[in-house]
Amino acid sequence: MSHSSFNRRGFLRSAAGATVAVSAAALAGSLPAVASQGGGRLVPQNQIGIQLYSVRDKVSQLGFRAVFEELSRIGYREIEFAGYTQSTSILGRQITVPEIAQLLKDFGLKAVGSHVGLNNFRTNLQGELDNAEILGLKHIGTANAPSNVDTVDGYRAAAEEFNTFGAAARARSLTFYQHNHAGEFAFATDQPEVRLYDVFLEHTDPRLVYLEMDVYWVYVGQYRFPGFDPADYITRAPHRYPLLHLKDGDENPENPNG
């Protein structure tokens, strides 16, 4: 790997997002080894990972081997996937999931989660769970909104679908989760006093469907759809938040996820 094309400073600059693989329940208790995040809330030092979506351009251009090598050198030990592909020019073909799993071992990394497109679960649920097992994941989920039908019934139907995915994951000792953006905190178009996120939480089985809270998009959600306290969600049900996603950024009104 050439450091002229992939230097540490440039890599860290692009690594704006981090997945903190720590349960909300643990954050509420006494933590032995912690690292301060900007002088604010403390998280266990050995449970800070990186979401590969943050360096997706590096994964695509240079491949998993080069990215894993640099992440390991920097000091990361945990990662969260955002796809399992790289440029076919690297190997002359697409890399396989077992090959990615071997690279994790080679560089001393552990995968704690994976963002998978919602349609993948609809069309290839068992295949995606197979991939999760091969990669040694404990958690697997999606960053897609539960539904693009922003009504109470739309989110109730989505909750039932997520319960099905969660049950299949649980049968294989995996935890299924949903990663929020800002739109989930909007109000239902048919019942403007009802928040969509609340509908989703109420109608998903807490034993089957878990959440990864993205603190940046929660902040945007508070700005656009005020009237909720994100910490209250975690306080009421800390066991439902096995992963937290920490990142900073500027709001972009043109971003449809907002």
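Which residues is Phe81 in contact with, leaving aside its neighbours within four places in sequence? In this predicted model, the partners of Phe81 are Gln51, Leu52, Phe64, Phe68, Ile100, Leu104, Ala111, Gly113, Ser114, His115, Leu135 and Leu137.

**The nonpolar core**

Phe81 belongs to the largest nonpolar core, which holds 58 residues. Five members touch the most other members: Leu52, Phe64, Phe68, Phe81 and Leu135. Helix H6 supplies the largest share, seven residues.

**Two helix contacts of H6**

Helix H6 spans residues 152–170, and helix H7 spans residues 196–203. H6 packs against H7. H5 is its partner in another contact. The geometry of each pair is set out here.

| Helix pair | Angle | Axis separation |
|---|---|---|
| H6 and H7 | about 40° | 8 Å apart |
| H5 and H6 | roughly 10° | within 10 Å |

H5 is therefore roughly parallel to H6. From H5, the residues in contact are Leu118, Phe121, Arg122, Leu125, Gln126 and Leu129. They meet Glu161, Phe162, Phe165, Ala168 and Ala169 of H6. By class, this contact has eight nonpolar, one polar and two charged residues.

H6 and H7, by their angle, are therefore oblique to each other. The crossing of H6 past H7 is right-handed. H6 brings Val152, Tyr155, Arg156, Ala159, Glu160, Phe162 and Asn163 to the contact. H7 brings Leu196, Val199, Phe200 and His203. Seven of the residues in the contact of H6 with H7 are nonpolar, two are polar and two are charged.

**Asn163**

Not counting residues up to four places away in sequence, Asn163 touches His203, Thr204, Asp205, Leu208 and Val209. Among these, His203 is also one of the H7 residues in the helix contact.

**Leu246**

Strand E10 covers residues 243–247 and contains Leu246. Leu246 has 23% relative accessibility and therefore counts as partly exposed. How far apart are the C-alpha atoms of Leu246 and Thr19? They are separated by 6.1 Å, while the two residues are 227 residues apart along the chain.

Note on methods
Residues are numbered from 1 along each chain as its sequence is written. This is a predicted model: local features need pLDDT of at least 70, side-chain atom pairs count only at pLDDT 80 or more; totals for chains, interfaces and linings use all residues. Side-chain values use heavy atoms; hydrogens and water are left out. Axes are lines fitted to C-alpha atoms, for helices over the stretch in contact, and angles run from 0 to 180 degrees between N-to-C directions. Helices (H or I, at least four residues) and strands (E, at least two) are DSSP runs, numbered from the N terminus. Angles under 35 degrees count as roughly parallel, over 145 as roughly antiparallel, 65 to 115 as roughly perpendicular and the rest as oblique. A crossing is left-handed if the near helix is turned anticlockwise from the far one by less than a right angle, and right-handed if clockwise. Contact means heavy atoms within 4.5 Å. Ala, Val, Leu, Ile, Met, Phe, Trp, Tyr, Cys and Pro count as nonpolar, Asp, Glu, Lys and Arg as charged, and the others, Gly among them, as polar. A nonpolar core is a set of buried Ala, Val, Leu, Ile, Met, Phe, Trp, Tyr and Cys residues joined through side-chain atoms within 4.5 Å. Buried means under 20% relative accessible area, exposed over 50%, partly exposed in between (1.4 Å probe, protein chains only).
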